[in-house]
Structures are given as structure tokens and as C-alpha cells.
Amino acid sequence: MILSAQSIRQMSVHQKGTRLADEAPPLVSPFHERTIENGMTFGLGPAGYDVRIKQRVLIRARSFELASIVEHISLPDDVTAMVMDKSSWARKGLSLMNTVAEPGWRGFLTIEISNLSLVPLVIPAGAPIAQIVFMRLDEPTKQPYAGKYQDQPDRPVLAIAEKPKERTYE
């Protein structure tokens with residue numbers, strides 16, 4: 001089930017006496033109601049949350065860059081998230097690798113951005129860049145994310161290779 005604006009707000013805003021204020025970190029922080037920045041909307045939408053890019057990025061034609069987002073995301077064990085293209089950028093040839101954030105993941109997302117157009121694109125720092133759609137699991141997972149990208153810092157993080165497991169011989 002996709003979370004509505006009301007659920008995203010409730011899970012992001014600390015309100016005295018609520019479950020969030022007593023137990024869980026905010027889903028999205030800082031949280032904003034629907035706002036306009038650089039001629040595009042960001043913040044809470046009807047069924048998602050539009051996030052902003054932290055760094056100014058110049059992406060050459062038919063090129064690829066990494067960036068991070070301004071907002072810190074903290075997923076409970078019963079919520080997963082998908083990072084989706086923002087259509088205003090997609091219409092200019094910008095494409096994101098549509099990342100999945102697993103239940104239990106927290107940090108500043110690194111986004112992978114491709115410029116499919118024939119001209120360079122400049123994305124100013126603070127510009128809306130992607131939409132995150134949050135989905136509730138049928139029950140909390142017993143295997144929350146605890147991998148190599150947990151507590152990711154607010155800067156682009158390069159790919160981290162998995163470490164091979166040591167083999168034991170009996």
C-alpha cells in the first residue's frame with residue numbers, strides 16, 4: 001500500500017503524544033509541506049515526497065553523475081521507498097536510476113543521475129530532483145536493512161564492493 005500525504009506527514013512531524021514523538025525518528029527530515037523552489041515543487045505531495053539535491057551538479061550531455069539529497073530519510077521496518085524521476089527534469093532528458101530503499105534503511109540518499117540529452121544540464125543546489133514513494137509492507141520485516149549504505153552521510157557515496165565471506169573448511 002502506498003502511503004498518503006497524511007501518513008507521510010504523521011510519520012515525519014513530531015507531535016506531542018504521538019507514536020513518532022515517543023519512539024520513531026522522522027521519516028523525512030527536514031519536512032516541508034508542498035513548496036516551490038527554482039520553479040519546481042518539492043515537499044509533501046498527494047502520495048509521495050519530492051526531495052532536493054544538495055550539491056550543484058553540471059551533467060554533460062550523455063553523461064552520469066552522483067549527488068546526494070538534502071533530506072534525511074529514516075525508514076521503519078514496515079516501510080520501503082522507491083526513488084523516482086521528477087517529470088519536469090525527465091522532460092529535459094534527465095533520468096535517475098530508480099533506487100529502492102529497504103525497510104530499516106536510514107541516511108541521505110545518493111542519487112544516480114544520467115543526462116540523456118544532447119546538451120549539458122545544470123542542476124542548482126537545493127533544486128527539487130526526485131520523488132520518493134513510500135510503501136507499507138503487510139507486516140514489519142524480520143530482516144531490516146543493515147548493509148553497507150546504512151547511515152549514509154550527506155554527500156555522494158561511491159559504490160561499495162561487497163566483502164567476500166570467508167570460507168570455512170571442515
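A24 counts as buried, with a relative accessibility of 19%, where buried means under 20% relative accessible area, exposed over 50% and partly exposed in between (1.4 Å probe, protein chains only). A24 sits in the loop between helix 2 (19-22) and strand 1 (28-29); helices (H or I, at least four residues) and strands (E, at least two) are DSSP runs, numbered from the N terminus. From A24 to R9 there are 15 residues in sequence and 13 Å in space, C-alpha to C-alpha.

This is a predicted model, in which local features need pLDDT of at least 70 and side-chain atom pairs count only at pLDDT 80 or more, while totals for chains, interfaces and linings use all residues. Residues are numbered from 1 along each chain as its sequence is written, and side-chain values use heavy atoms, with hydrogens and water left out.

**Helix 1 and its two faces**

- Which residues of helix 1 (residues 5-12) are buried? They are A5, I8, M11 and S12.
- As a reminder, an α-helix has 3.6 residues a turn, so residues three or four places apart point the same way.
- Turned away from the buried side of helix 1 is a face that carries the exposed residues Q6 and Q10.

**R52 and its surroundings**

- R52 belongs to strand 4 (residues 48-52), and its relative accessibility of 12% makes it count as buried.
- The side chains of R52 and E71 are joined by a polar contact of 2.8 Å (a pair of N or O atoms within 3.5 Å; within protein, one must be able to donate a hydrogen and the other to accept it, and residues adjacent in sequence count only if both atoms are side-chain atoms).
- Not counting residues up to four places away in sequence, R52 touches several residues, among them P30, H32, F42, I69 and P128; contact means heavy atoms within 4.5 Å.

**Q55 and its surroundings**

- Q55 is in the loop between strand 4 and strand 5 (57-59) and counts as partly exposed at 21% relative accessibility.
- Though 70 residues apart in sequence, Q55 and A125 are 4.6 Å apart in space, C-alpha to C-alpha.
- A polar contact of 2.7 Å links the side chain of Q55 to that of S68.
- Leaving aside neighbours within four places in sequence, the contacts of Q55 include A67, I123, D154 and P156.

**Aromatic rings**

- How many aromatic pairs are there? The count is 1, with rings of Phe, Tyr and Trp (its six-membered ring) pairing if their centres lie within 6.5 Å, and planes under 30 degrees apart counting as stacked, over 60 as edge-to-face and the rest as tilted.
- F31 and Y49 make up this tilted pair, at 5.7 Å centre to centre and 35° between the planes.
- The pair links distant parts of the chain, 18 residues apart, with F31 in the loop between strand 1 and strand 2 (35-37) and Y49 in strand 4.
- Both F31 and Y49 are buried.

**Backbone points to check**

- A cis peptide bond, with omega about -5°, joins S29 and P30, and P30 is in the loop between strand 1 and strand 2.
- R62 has a positive phi near 50° and is exposed, with a relative accessible area of 64%.
- D151 has a positive phi near 60° and lies in the segment after strand 14 (128-136).
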